[in-house]
Amino acid sequence: MNPALTTGKYLAIAGYVGFAMFPLFWLLKIAVTPDKLVFTEGTALWPSAMTLDNFRRVLTQTDFLSYFTNSLIVSLSTAAVTTMIAAAAGYAFSRFHFRGKPVIIAVMLVTQMFPLLMIIAPIYSIIAKLGLLNSLSSLIIVYTAFNIPFATFLMQSFFDGIPGDLEEAAMIDGCSRFQALRKVIFPLTLPGLGATLGFVFTAAWSELLFALMLISSNDTMTFPVGLLTFVSKFSVDWGQMMAAGVMALVPSCLFFLFIQRYLVQGLTSGAVKG
Amino acid sequence: MSRKAPGEIRARRSFYWRYVLEPYFYLAPAILLIAGVMVVPLVIGISYSFQSVRLLRPGGGFVGLENYLDLWSDRKFWIALENTFVWTIGSISFQFLLGLGLALLLNTRFHGKRLIQSLVFLPWAVPTFLSALAWAWLFNPTIGPLPHWLTAMGILGEPQNILGDPELAIWGPIVANIWFGIPFFAITLLAALQSIPAELYEAAEIDGASPWQRFTKITLPFLAPMIAITVMLRTIWIANFADLIFVMTGGGPANSTQILSTYIFTTAFKKLDFGYASAIAVALLILLLIYAAILLVLRRRLVKI
């Protein structure tokens, strides 16, 4: 290839990387800037001194640890429950032809299209009537339902990649379907289960608006709600806010690293290598 | 019945189990949850739009079309409608073009591609509230560099916060949304690119096709179905996407960034006026249905030709 084009290509790649990383870099930069330098060196690319004070103070002097724990409970439970339910549903879609299947698939697709905010008021009323406002379980139920359609289609695509002959062979050899599932299919779907867990966890970890609506007590606030409340109350302590932000990034990034190898190949082709 | 052989009954029972009941056994939890948490509230939500449901003012009941009549004469609604178009079109066009560019780049060979790929896809994994806060801080002249850079480039007269300027504020969330949405397009388009048979390009090269010709005659036609479906779905998703704007500007200043979905949320969350919020939501739903219908008609027209 001619050198001008190659240079152009690398410049373009550098541009994309710069654009993608810059906001995250800036979060980290302000988080490690000592308080007294925030305003004088606020717009410098790197502070002349570094500190981890902000992180220490966020962990010891604020409620962020409790927000973090709440978010972890909600996201992990949502991911686990959703993946189990979606695996069962995806298995049914992948292996059976039955009356009503097109209708159910259509309803699931529609739930992905209509404005979810449409049901925020009715859900608030229902949850209030059940006496579940300010409880983490209400969030888990709501998030699980929201994520089931997508997770089901994802799991279906993973099951589609495993030949049905495998479990039929096991069943002919005397396994019940359940045994065939447990001994033959389950080990093969592990990567798919992992990817689904990751997607649902990330979605639940970042959900903000329903959590704002359903949670108002400080004890049960999830991370997004807690951080936003913190921002609107004490919007001057930049260092602490950004340190909290950096910590909120960690779980998402970990899951991202874990699932990213499935992103391109796995998601669209539905192919699983056994 | 009693004359039937036991085996036949068992066979029939297992037939029912196998073909009628068993799939529903696996689907039951999913169906129950979706029905209870999404379908039933959706119906209730539509019925709310014909009622007066205000938590701060008990009482109410059915009011017919009153919410919709109020909506018709609500200036904020029309501003929000206009902003929804600016927000959606501004976001989707840049997300798509930059996402396509990134996918094309990632489909070539270069050093350190795996690392680069995870870095450029990372914004997709950043929680939306955090993306919103990070960008709001970048636009803040006290701690963010963007106002200073924009001033140095001559785009801004002085280093001010564009989120506070009614003329420019909507571009703050749009930039954040572009940042957040590029990976989605890049991922889906890259997958489509990788499924194009390499022989096609080799044959075209032998026949002397220029790179531009190869792009327009092979790549684009192959990508077209994927582009159509992702752009359509993403448009609906962005029109519904309220988080970024809610966190960055809250719809302000002076409603200059209020879109329909943030208007729904602020009406429900801050004013606790569920009837009116539901009416706005129904209006948004109707708009999206019209959009989907237009697309389907267009598609049929195009396919005929």
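**Confidence, fold and contacts**

Reply: In chain B, confidence is highest in helix H3 (residues 75-106) of chain B, at a mean of 94, and lowest in strand S2 (residues 57-62) of chain B, at 74. The scale is pLDDT, the predictor's confidence in each residue, from 0 to 100. Helices (H or I, at least four residues) and strands (E, at least two) are DSSP runs, numbered from the N terminus. This is a predicted model, in which local features need pLDDT of at least 70, side-chain atom pairs count only at pLDDT 80 or more, and totals for chains, interfaces and linings use all residues. Residues are numbered from 1 along each chain as its sequence is written, while chains are lettered from A and ligands numbered from 1 in the order in which they are written.

Me: What pLDDT does chain B average, and what does the model score for ipTM and pTM?

Reply: Chain B averages 86, with 92% of the residues at 70 or above. The model has an ipTM of 0.84 and a pTM of 0.86.

Me: How many helices and strands does chain B have, and why is chain B described as more spread out than a compact globule?

Reply: Chain B has 12 helices and 2 strands. The radius of gyration is taken over C-alpha atoms, and the globule rule is 2.2 Å times the number of residues to the power 0.38. For the 305 residues of chain B the rule gives 19 Å, but the radius of gyration is 26 Å, well over that value, so chain B is more spread out than a compact globule. Its C-alpha trace spans about 95 × 75 × 40 Å along the principal axes.

Me: Which feature does UniProt place at residues 81-297 of chain B?

Reply: UniProt positions are given in the numbering used here, feature names are shortened, and annotations may be inferred rather than shown by experiment. The unreviewed UniProt entry lists "domain: ABC transmembrane type-1" there. Over residues 81-297 of chain B, the chain is 72% helix and 0% strand, with 23 Å between the end C-alpha atoms.

Me: How many residues of chain B are in contact with chain A, and which classes do they belong to?

Reply: Two residues are in contact if their C-beta atoms, placed from the backbone, lie within 7 Å. By this criterion, 65 residues of chain B meet 71 residues of chain A. Helix H1 (residues 6-48) of chain B supplies the largest share of the chain B side, 18 residues. As to class, Ala, Val, Leu, Ile, Met, Phe, Trp, Tyr, Cys and Pro count as nonpolar, Asp, Glu, Lys and Arg as charged, and the others, Gly among them, as polar. The side of chain B that touches chain A has 53 nonpolar, 10 polar and 2 charged residues.
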